[in-house]
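Dear colleague,

Please find below the structure that I am handing over to you, together with its sequence. My notes on it follow directly after.

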Amino acid sequence: MKASDAWPLGLQVIPGHHRPIQPSKGPLWIIVLLCLVCVFLISGYVYPLHGSSACLLFSSRGCKVLADWLPPVTRRDYTDAEIASQVVIWEILNSPSRQPETPKIAFMFLTLGPLPFQKLWELFFQGHEGKFSVYVHASQEKTVYESQYFVDRDIRSDKVEWGQASMIDAERRLLANALEDPDNQHFVLLSEKCVPLHNFDYVYNYLIYTNISFIDSFVDPGPHGNARYSDHMLPEIRLEDFRKGSQWFTMKRKHALVVMADNLYYSKFRDYCRPGFEGQNCYSDEHYLPTFFHLIDPAGMSNWSLTNVDWSEHKWHPKSYTTKDVTFELLQNLTSIDETVHETSEEKRVVDIKPCLWNGVKRPCYLFARKFLPETLDVLMQLFTNYTNT
C-alpha cells in the first residue's frame with residue numbers, strides 16, 4: 001500500500017472487500033493536547049507570571065526559561081512614587097561631582113560595643129592623616145577608646161537588632177554623618193571584628209581610583225534567597241529583581257547620596273523583609289542594597305564585597321577566627337584571593353566563580369576580613385607589617 005493510502009480522507013473500498021474502512025481516530029488526542037498547550041502559552045503571555053506564588057507551578061529555573069521563551073511583556077506604568085524616586089536618583093547619578101584636592105575615605109564602624117582592634121587600626125591609619133575619617137555607631141555600650149583616631153568619633157546611635165531594619169537604619173545613620181564632610185569620597189562599612197588585609201596606601205588607591213562601588217549582589221533561587229521574597233513588594237520590586245549579598249559594602253559618594261535619598265525601596269524592605277514575616281526569615285541587610293543597586297545602577301557596582309567572610313561551615317553565622325587560626329599563611333592566602341565565589345542555598349548548591357576585576361584588570365578581591373575574635377589582636381599586630389606588604 002502506498003503511503004498516501006495509509007491515512008484515507010474518507011471511505012474507501014479495497015479491491016476484494018466490501019466493508020468500508022472507518023476514518024482513524026488516532027490523531028485526535030494529539031490535536032487536543034496541542035490545543036491545550038496553545039491555550040496555556042497564550043494565557044501565560046496575557047497573564048504573565050509576575051508573582052512568586054505563580055512560579056510554584058515550575059522550578060525556579062523552569063519559570064525563568066518560560067519567561068525568556070515568551071514574547072516580551074508590555075512595559076507597565078510606573079507609580080507616582082517610582083517616578084519621583086527615579087527622577088531624584090537619575091539627577092544624583094548624573095550630576096557632576098565635586099573633586100576635592102585630597103579625597104578622603106570614610107571608615108564607618110558599626111559595632112555592638114567595644115572596638116577590640118583599635119591598636120591594629122591605629123597602625124593602619126598612622127601617617128596618613130588627612131586622607132581618612134572615622135565614624136563609630138556603637139549600638140549597645142559606650143566604648144572607651146585607646147586610639148587617638150577613635151576619640152570623639154561616635155555618632156548618635158540607636159539599638160540595632162540582628163536581621164531587623166534597624167541594621168539598615170544604622171548604616172544610613174553612618175552614611176549621613178560621613179556625608180557631612182564634602183571631602184569624603186568613598187565610604188567603607190566595617191564591624192568591630194573586621195581587620196585590614198593591606199596597608200593604607202594600597203586600600204586608598206584601590207578605592208579612590210575606581211568609579212564603581214563594591215556592593216555584593218547575586219541571585220539565589222534557594223530558600224535563603226528568592227524564597228524570602230514577598231509579593232507585597234510589587235509593583236516596584238519583582239521577584240526577578242530580588243537579590244542577595246553581604247551587608248559589608250564600600251561605595252562612592254554618589255551612591256551614598258542615593259541611599260540617603262531613597263525611601264520608596266527602603267520602605268518595602270523595612271515593611272516586608274523581616275524575620276517571621278509570612279513564615280519566612282527575611283533579613284533586610286542582606287537584600288536591600290543588593291536589590292536596590294541592581295535596580296538603579298547595576299553597571300555601577302562590582303557584585304562582590306571587599307570584606308572576606310568564610311561561610312564554608314554553612315551555618316547561620318560565618319566562621320570566627322581564633323588565635324590558633326591566625327597565621328602568616330592564612331593572611332597571605334586571604335590577601336591573594338582573586339576570584340569571588342557565590343553559592344546558592346538550593347539542595348543542589350550552584351557555585352558561581354568569577355574573577356575580581358578592578359578597572360578591567362584582575363586584582364585581589366579583598367581589602368578587609370572578618371570575623372576575628374578579640375584574642376587574635378596580639379598575633380595580628382605581630383604579623384601586620386609582613387602580611388600587608390606582600
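Cys273 and Cys282 are joined by a disulfide, with 1.9 Å between their sulfur atoms. Please note that the model is a predicted one, and that every value in this message is computed from it. The torsion about the S-S bond of Cys273 and Cys282 is about -80°, so this disulfide is left-handed. Both partners lie below the 20% limit for burial: Cys273 has a relative accessible area of 0% and is buried, and Cys282, at 1%, is buried as well.

A search of the whole structure gives two disulfides. The other pair is Cys356 and Cys365, whose sulfur atoms are 1.8 Å apart. Here the angle about the S-S bond is 95°, and the link is right-handed. Cys356 is buried at 1% relative accessibility, and Cys365 is buried at 0%. A further cysteine, Cys194, also counts as buried, with a relative accessibility of 0%.

Next, the helix packing. Helix H8 covers residues 264-272 and helix H9 covers residues 284-296; their axes come within 10 Å and cross at roughly 150°. An angle over 145 degrees counts as roughly antiparallel, and H8 is therefore roughly antiparallel to H9. The handedness of this crossing is right-handed. On the H8 side, the contact is made by Tyr265, Tyr266 and Phe269, which meet Ser284, His287, Tyr288, Thr291, Phe292 and Leu295 of H9. Sorted by class, the residues of this contact comprise six nonpolar, three polar and no charged.

A second pair of helices is formed by H3 (residues 80-94) and H7 (residues 253-261), which pack at an angle of about 165° with their axes 9 Å apart. By the criterion already given, an angle over 145, H3 and H7 are therefore roughly antiparallel to each other. The crossing of H3 past H7 is right-handed. From H3, the residues in the contact are Val88, Ile89, Ile92 and Leu93, while H7 contributes Lys254, His255, Leu257, Val258 and Ala261. This contact of H3 with H7 divides into seven nonpolar residues, one polar and one charged.

Leaving aside residues up to four places away in sequence, Asn308 touches Tyr321, Leu334, Ile337, Tyr366, Phe368, Ala369 and Arg370.

Finally, some figures for the protein as a whole. Its secondary structure consists of eleven helices and 15 strands. The protein has 390 residues, of which 45% count as buried. Where contacts join residues at least 6 apart in sequence, 78% of them link residues at least 24 apart.

In summary, the points I would ask you to inspect on the model are the two disulfides, the crossing of H8 and H9, the crossing of H3 and H7, and the surroundings of Asn308.

With kind regards

Definitions and conventions
Residues are numbered from 1 along each chain as its sequence is written. This is a predicted model: local features need pLDDT of at least 70, side-chain atom pairs count only at pLDDT 80 or more; totals for chains, interfaces and linings use all residues. Side-chain values use heavy atoms; hydrogens and water are left out. Axes are lines fitted to C-alpha atoms, for helices over the stretch in contact, and angles run from 0 to 180 degrees between N-to-C directions. Helices (H or I, at least four residues) and strands (E, at least two) are DSSP runs, numbered from the N terminus. Angles under 35 degrees count as roughly parallel, over 145 as roughly antiparallel, 65 to 115 as roughly perpendicular and the rest as oblique. A crossing is left-handed if the near helix is turned anticlockwise from the far one by less than a right angle, and right-handed if clockwise. Contact means heavy atoms within 4.5 Å. Ala, Val, Leu, Ile, Met, Phe, Trp, Tyr, Cys and Pro count as nonpolar, Asp, Glu, Lys and Arg as charged, and the others, Gly among them, as polar. A disulfide is a pair of cysteine sulfur atoms within 2.5 Å. Buried means under 20% relative accessible area, exposed over 50%, partly exposed in between (1.4 Å probe, protein chains only).
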